[in-house]
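Here is a short note for someone opening this structure for the first time. Please read the points with the model in view.

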Amino acid sequence: MGGLFSRTISLWQVTPSLKQEQENFRKKAFHAAAKGSISILQELMTVPSCQGGIPLHAVVDERTGHTLLHVAFEKNRADCIRFLLYMGCDEKKCDHSMETPLHVACMNDALESLIAVLEFRKTLALELRDIWQRTLLFKALVYHSERVLQFLLSMQEQGAAVNCLSRKMRTPLQTAICSQNPEAVLELLRLGARTQCSESANAVRTAVSELMKRSQSGMMCDKAETILNLVLTAHGYPLHTDEPGVFQGLLVSADLKRFLSLHYKMHICSSTTSFDFLKNASETSLRQRTRMAASPKFSPLRLLDLARRVGRKSLMASGYNVVWAVERLQVAPGVKGLLLLKDCDHGSSDTNVLPASIL
């Protein structure tokens, strides 16, 4: 009797439980998805449930919440993704961080994976958000996934929201500014990204802040200044001088060669002609810039600049930005150039005279 009992215990210890068999099944399935091995996945489909078999669409990592599609998207296994979609796997299913396989694709620049879903579904769920309320567009910007970013921007007409807010009240435009991606900034502006979606979501302040950060760290500021130029061109809302930090940041951070152009655009975008705080710059390094800023040539009191202010502010009634609105105006190219401040890129030029092209 004792021998029979001991043999029974030994057999129980050697034979894995159903739960262990299921765990082994999951490991094999995830490994196959990571390798993109469709043949192994097909073999696993023949395993009966009594031996630990699980439908592929129901395979989930209990610790992370990842599905087979999460793993396949991370490794950009497009053919495997098509097979899993055919077998009923859902690209919208979230893990424990509220990230879908589509978010994972945007984090890993897995363009081929997104195209596979688009070909299979004929559409993409571009509005999906993670736990931080970030859409696919946010993910591509944060993780510098350039191929996916261009793909998502090209799908704007299909609904990629360029003015959505994350949980931290940031817009895709602000994210592109912080990522120092001038190409993405320009494309977002062309697609109608607002320069101010809320009190805290102000693209001009973000651009100046990034410029200051790089200037104080001794880093190259070319991209930061290019981005600030782009944002100022598109910004039609008034900048209030009750927040002088924006102007002071420009004063101390911009390269001297580009300072006049940037400062002049700040003048046009401001809500008042009073820049008294500039007179308080006492540091020797700021005196030259302060004198340049006080030059009569850059006085914002001129009739042309006042007219420009009114025109640009009116264009903001479109609900988007000046760049977006000007592209849709049926006016002479010279007028568009004035509204887009193109003549301001040459700080020493005399802009009191209207260009001949619009006379």
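1. Start with confidence. pLDDT is the predictor's confidence in each residue, from 0 to 100. This is a predicted model. Its chain averages a pLDDT of 81, and 77% of the residues score at least 70.

2. Take care with two stretches. Over residues 272-284, pLDDT stays under 50. Residues 347-359 also stay under 50. For residues 272-284 the model has 22 contacts beyond four places in sequence, and for residues 347-359 it has 22 such contacts. Where pLDDT is low, the predicted coordinates should not be read in detail.

3. Look at Ser39. This residue sits in helix α3, residues 38-44. Its relative accessibility is 43%, so Ser39 counts as partly exposed. Ser39 and Cys80 are 41 residues apart along the chain, with 9.8 Å between their C-alpha atoms.

4. Helix α12 covers residues 203-216. At 1.5 Å a residue, its 14 residues should span 20 Å; the end C-alpha atoms are 20 Å apart, which agrees. Buried residues in α12 include Ala203, Val204, Glu210, Leu211 and Arg214.

5. Check both ends of α12. At the start, a side-chain oxygen of Asn202 comes to within 2.9 Å of the backbone nitrogen of Val204. After the helix comes Gly218, with a positive phi near 75 degrees.

Technical notes:
Residues are numbered from 1 along each chain as its sequence is written. This is a predicted model: local features need pLDDT of at least 70, side-chain atom pairs count only at pLDDT 80 or more; totals for chains, interfaces and linings use all residues. Side-chain values use heavy atoms; hydrogens and water are left out. Contact means heavy atoms within 4.5 Å. Helices (H or I, at least four residues) and strands (E, at least two) are DSSP runs, numbered from the N terminus. Buried means under 20% relative accessible area, exposed over 50%, partly exposed in between (1.4 Å probe, protein chains only). The expected span of a helix is 1.5 Å times one less than its number of residues. A polar contact is a pair of N or O atoms within 3.5 Å; within protein, one must be able to donate a hydrogen and the other to accept it, and residues adjacent in sequence count only if both atoms are side-chain atoms.
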